[in-house]
Amino acid sequence: MTYPVRVFFVGGLLSYRALFTWLTPWILIPTFLVAPIFQILLFAYIGRSANLQSDEFYVVGNALQYTSLPCLFAMANMLGDERWSQTLGILLSSPASRLALFLGRSLPVILNGALVGAFGFVAGSLILDVHVPASAFAPLALVILVTAVSCTGLGLVNGAIGLRVRESAVSSNILFGFLLVMCGVNVPLDELPGWMEAISSVLPLTHGIEAARELADGASLGDVSGLVATELGIGVVWAVIGCSLLRFLEVEARRRATLESS
Amino acid sequence: MRTARLLVLGWLLQLKVMMRSAFNGVLSVVWPMFFATTAFFMYRAGRDEATLVYASLGASVMGIWSATSTSASSVLQRERRHGTLELLAAAPANFAYILIPISVAMSTIGLYSMIATLLWGRFVFGIELHLVHPLLFVLAVPVTIASVGALGFLLSVACVRYRSAWALGNALEYPVWLICGFLVPLALLPNWVGPISWVLAPTFGVRAIREAALGGTPVADLLACAGLGVAYFGAGILLADHVLRLARKSAALQLS
C-alpha cells in the first residue's frame, strides 16, 4: 500500500474511530436513530396540519436531510478534537499529503451519513405507512450515498471553519438548520422566495432530495440521473472549496501562530 | 432569605455565564428559528392565516425548551468538566438549590429566542399578533419559563450517571415540541399521546400563552403549568439529595 493510500484509508479509519466521539451507543442511538425519526414525525404532522404534502414528502426530505448531520458534525469534530487532544500541531506539521489526510477522514463519515439517512427513510416509512416501489430501493440507496458524499463536501468546509473557530458545534448546527430551511426538505422549492430557491440550487441535498422523491414516486434511475449527477457535482465543488480552505487556514494559522489559540 | 438570595444570585450569575457562550447564547436563539421558519413557510403554503398565528405562538415557545433540553441534561457533566462539581457538592448550601438556578437560567435564555421568533414572524412573515389578555400573557411567559426550567432541573438530576446526557437532551427536543402541541394541535396526534402530554408542563405553558394571546381561558392552563413545575422541583430536590448521598457513599461523584 503506497503511503498516501495508507494515510487515506488507515488514517481516515483510525481518526474516525478515535476522534468521532459519537460512536458510543449512548450518543449514537439518541442522535442518529431517535432524533431523525422524531424530526420526520414532527414535520409530517405539521404537514398534515397545514394540508400541504403527503407523508412521503416529509419522510424522504427529512431522512435525506439527516444524512448531513454526521457529515457536518464529524468533519468539524474530528479536527476540533485534534485540538482538544493536543495533536493538531503534530498532525499539521507532518509531511502527509493533505488531500489524503482530509479526504481519508471523510470516507467513514460518508458511510455513516448514508446509513443514518437510510435508517431514517426505512423507519419513517414503516411508522407512517409510506409505500415505495421495491424497484426504487437500490436507486434510493445510491441517491442517499451520493447525498452523503455531497454533504461531506460541505462538511469539509465546516471542518476548515473548525481550524479558525473553537465552537464548531455552533457552526455545524447552523449549517444543519440552514440546509433544513433552504433545500426543499419540508417546503416545496416553488413555495420559497426566489433568492432562497437560487441559493438552494448550489447547496448539497436539494437535488438529492428531488431525485429521491421522484424515485419514490416510481421514476427510474435513468430519469433522475441528471439530478444525481448534479448532486454529486455540487458535492465535489464543495469538497474542493473545503480542501482549499483547509489548506489556506492551515497556512494562515502557521503564519499567525494561532493553531492552538484560535 | 438566604435560600432566596442563593437562588436569585445563582440565576443571575449563570445567566451572565451563558450569555457569553456561543452555544448557549447564540445557538439557543438561532436554532429554533430554523424550525420556526420552516413551520411558517409550511403553514403559509397551506394558505391558512389562523394556523400561521397559532404556529407563531407555538414556535416562539420552542426556543425555551431548546435552550433547556440539551444544556440542562448535561449540567452535572459540565460542572464535572469544569472541576467545580466537588466544590458545589461540598458547599453548605443544599445541592438542589445550586442546580435549580442553572436550569432556570437556561430556560430564561429561551426568552431571547421567544422574542426573536415573534419579531421574525411579525417582520418577515407579516404575522400580526394582538394580545387579547396582555396581563395573562405577560404572566404566562415567566411561569412557562420557570416550569420548563424545573423540568430541566429534574432531567439534569435524573441524568447524573449518564456521561453523554447532552445526547439524550438533544433527542428529547423534537418529541417535546411534537407531544406538547407546540406546532401541531394535539387532536391530530394519536390518542395515546394525550396522557404523556398531560404530565409535561410545556403542554400547558404553550396552551396558556396561546389562549392569553388569542383569547380563551388561560388561567386553568397556567395553574396546571405552575403545578407541574412545583412537582418537578419537589421531585428533583428529593432525587438530587438521594443521588448526592449515593455518589458520596461510593466516592463516585467525579467518575459517575
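Trp177(B) touches Leu42(A), Met62(B), Trp65(B), Phe182(B) and Leu183(B), leaving aside residues up to four places away in sequence; two residues touch, or are in contact, if their C-beta atoms, placed from the backbone, lie within 7 Å. This is a predicted model, in which local features need pLDDT of at least 70 and side-chain atom pairs count only at pLDDT 80 or more, while totals for chains, interfaces and linings use all residues. Residues are numbered from 1 along each chain as its sequence is written, and chains are lettered from A and ligands numbered from 1 in the order in which they are written. The predictor gives the complex an ipTM of 0.91 and a pTM of 0.92.

**Confidence**

- Chain B has an average pLDDT of 89, and 98% of its residues score at least 70; pLDDT is the predictor's confidence in each residue, from 0 to 100.

**Chain A**

- Chain A has 11 helices and zero strands. Helices (H or I, at least four residues) and strands (E, at least two) are DSSP runs, numbered from the N terminus.
- For its 262 residues a compact globule would have a radius of gyration near 18 Å, and the 19 Å of chain A agrees with that. The radius is taken over C-alpha atoms, and the globule rule is 2.2 Å times the number of residues to the power 0.38.
- The C-alpha atoms of chain A fill a box of roughly 55 × 40 × 35 Å along the principal axes.
- Of the 262 residues in chain A, 51% are buried. A residue is buried if 20 or more other C-beta atoms lie within 10 Å of its own, exposed if 12 or fewer, and partly exposed in between, with C-beta atoms placed from the backbone.
- Among contacts in chain A between residues at least 6 apart in sequence, 82% join residues at least 24 apart.

**Chain B**

- Chain B has 12 helices and zero strands.
- A compact globule of 256 residues would have a radius of gyration near 18 Å, and chain B agrees at 18 Å.
- The C-alpha trace of chain B spans about 60 × 35 × 35 Å along its principal axes.
- Buried residues account for 51% of the 256 residues in chain B.
- Of the contacts in chain B between residues at least 6 apart in sequence, 81% join residues at least 24 apart.

**Contact between the chains**

- The contact takes 32 residues from chain B and 31 residues from chain A.
- On the side of chain B that touches chain A, the elements giving two or more residues are α2 (22-45), α8 (165-171) and α9 (173-179) of chain B.
- α2(B) gives the most to that side, with 14 residues.
- The residues on that side of chain B divide into 25 nonpolar, six polar and one charged. Ala, Val, Leu, Ile, Met, Phe, Trp, Tyr, Cys and Pro count as nonpolar, Asp, Glu, Lys and Arg as charged, and the others, Gly among them, as polar.

**Nonpolar core**

- The largest nonpolar core has 162 residues, of which Leu72(A), Ala39(B), Trp177(B) and Ile209(B) touch the most other members. Such a core is a set of buried Ala, Val, Leu, Ile, Met, Phe, Trp, Tyr and Cys residues joined through C-beta atoms within 7 Å.

**Selected helices**

- Helix α3 (residues 49-73) of chain B has 25 residues and should span 36 Å at 1.5 Å a residue; its end C-alpha atoms are 37 Å apart, which agrees. The expected span is 1.5 Å times one less than the number of residues.
- In α3(B), 22 of the 25 residues are buried, so the helix is largely enclosed by the rest of the structure.
- Helix α6 (residues 98-128) of chain A, with 31 residues, should span 45 Å at 1.5 Å a residue; its end C-alpha atoms lie 44 Å apart, which agrees.

**Individual residues**

- Leu244(B) is in helix α12 (residues 218-249) of chain B and counts as partly exposed, with 18 C-beta neighbours inside 10 Å.
- Leu244(B) touches Ala89(B) and Phe95(B), not counting residues up to four places away in sequence.
- The C-alpha atoms of Leu244(B) and Val157(B) are separated by 9.5 Å, the two residues being 87 apart along the chain.
- Gln86(A), in the loop between α4 (68-84) and α5 (88-93) of chain A, has a positive phi of about 60° although it is not a glycine. Gln86(A) is exposed, with 9 other C-beta atoms within 10 Å.
- Asp129(A) follows α6(A) and has a positive phi near 60°; this residue is in the loop between α6 and α7 (137-164) of chain A. Asp129(A) counts as exposed, with 8 C-beta neighbours inside 10 Å.
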